[in-house]
Amino acid sequence: MKKTANLSLMIGAIIVLHLWLIGGMSAFSQTNEDNSNLWPVHRDTQAMFRISYPADWVVVPPKGRNVRFSVNPPDGAGNCNVVVRYNPELTNMTQEDLNKEIAQLPQDTVSWAGYAGLPPSDVCVLESRIAKIGTNSALLGVLEVKLENLEGKYKRYQIVAITFRAGEIWTLNCGVSSFSDDEAKQRFDILRYRFEKVLGSFMFME
């Protein structure tokens, strides 16, 4: 479809703005046993979604006007957040059409690098596939990326899910960053199970 290339650019505009915040999944859903009823539930009645998180994790003030929810583990690096951005080009599209757009998004390294606003040499796609959030199709990736700030170069491992709703682009993400590649990978491996549970608990409320 003709819109796919433009939508790829729109996604990049979101991910590059929040890459410093965010960080596959075996499935983008869970059994009742995996998703404990003891976990707190965050409900956003404006953006109309709910998401659960471990009871010992800390909800932090969102950084950026498009970030609707952000939560950190209490004992070290890591973060999960929900980002939603209004896009008028998607306003008049049905969910069926939006699901088709998601299904046609390229999943190669160059494309994921474009979504992240990074050169392909700084992105390694560990996993990529189409998943589901309820009835919404989502592009799901597990990425290893190289980043840099004033303190130096660092590595980030993250799970990213992208989906569309009428007039909206959503990015759900969990990840870990460290100046030590081994430390980032080990920490991600430790937290990945919980990251998947957090993302798997996400639901639209309408």
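Q: Two strands count as paired if DSSP finds at least two bridges between them, so in what order do the seven strands of the open sheet come?
A: First, a word on the model: it's predicted, so local features need pLDDT of at least 70 and side-chain atom pairs count only at pLDDT 80 or more, while totals for chains, interfaces and linings use all residues. Residues are numbered from 1 along each chain as its sequence is written, and side-chain values use heavy atoms, with hydrogens and water left out. Strands (E, at least two residues) and helices (H or I, at least four) are DSSP runs numbered from the N terminus. Pairing in this open sheet is antiparallel, and the order reads S3-S4-S5-S9-S8-S7-S6.

Q: Which are the edge strands?
A: An edge strand here pairs on one side only. That picks out strand S3 (58-59) and strand S6 (123-133).

Q: Over how many bridges do S7 and S8 pair?
A: Strand S7 covers residues 136-149 and strand S8 covers residues 152-165. Across this pair, Val 145 stands opposite Arg 156 in S8. The two strands pair in the antiparallel sense, and the bridge count is twelve.

Q: Which residue takes a positive phi in the hairpin of S6 and S7?
A: S6 and S7 pair in the antiparallel sense over ten bridges, and Ile 130 has Leu 139 in S7 as its bridge partner. The hairpin leaves two residues between the strands. The positive phi there is near 65°, and it belongs to Gly 134.

Q: What angle does helix H4 make with S9?
A: Contact means heavy atoms within 4.5 Å, and axes are lines fitted to C-alpha atoms, for helices over the stretch in contact, with angles from 0 to 180 degrees between N-to-C directions. Helix H2 (residues 95-104) lies across S6, S7 and S8 and runs at about 145° to S8. Helix H4 (residues 181-200) packs on the sheet too, touching strand S5 (79-86), S6, S7, S8 and strand S9 (168-178). Its direction and that of S9 make about 140°.

Q: How far apart are the closest N and O atoms of Glu 96 and Lys 100?
A: A salt bridge is a side-chain nitrogen of Lys or Arg within 4 Å of a carboxyl oxygen of Asp or Glu, and the count by this rule is nine. Glu 96 and Lys 100 both sit in helix H2, four residues apart, about one turn of the helix. Glu 96 is exposed at 53%, while Lys 100 is partly exposed at 40%. They form a salt bridge with closest N and O atoms apart by 3.8 Å.

Q: Is Lys 155 buried or exposed?
A: Lys 155 meets Glu 144 in a salt bridge (2.8 Å, N to O). Glu 144 lies in strand S7 and Lys 155 in strand S8, so the pair ties together parts that are eleven residues apart in sequence. Glu 144 counts as buried at 18% relative accessibility. Lys 155 comes in at 10%, so the label is buried.

Q: What separates the C-alpha atoms of His 42 and Val 59?
A: His 42 is found in strand S1 (residues 41-44) and is partly exposed at 21%. Leaving aside neighbours within four places in sequence, His 42 is in contact with residues including Phe 49, Tyr 53 and Phe 69. Val 59 is 17 residues away along the chain, and the C-alpha separation is 9.3 Å.

Definitions and conventions. Pairing = 2+ DSSP bridges. Buried < 20%, exposed > 50% of the residue type's maximum accessible area, 1.4 Å probe, protein only.
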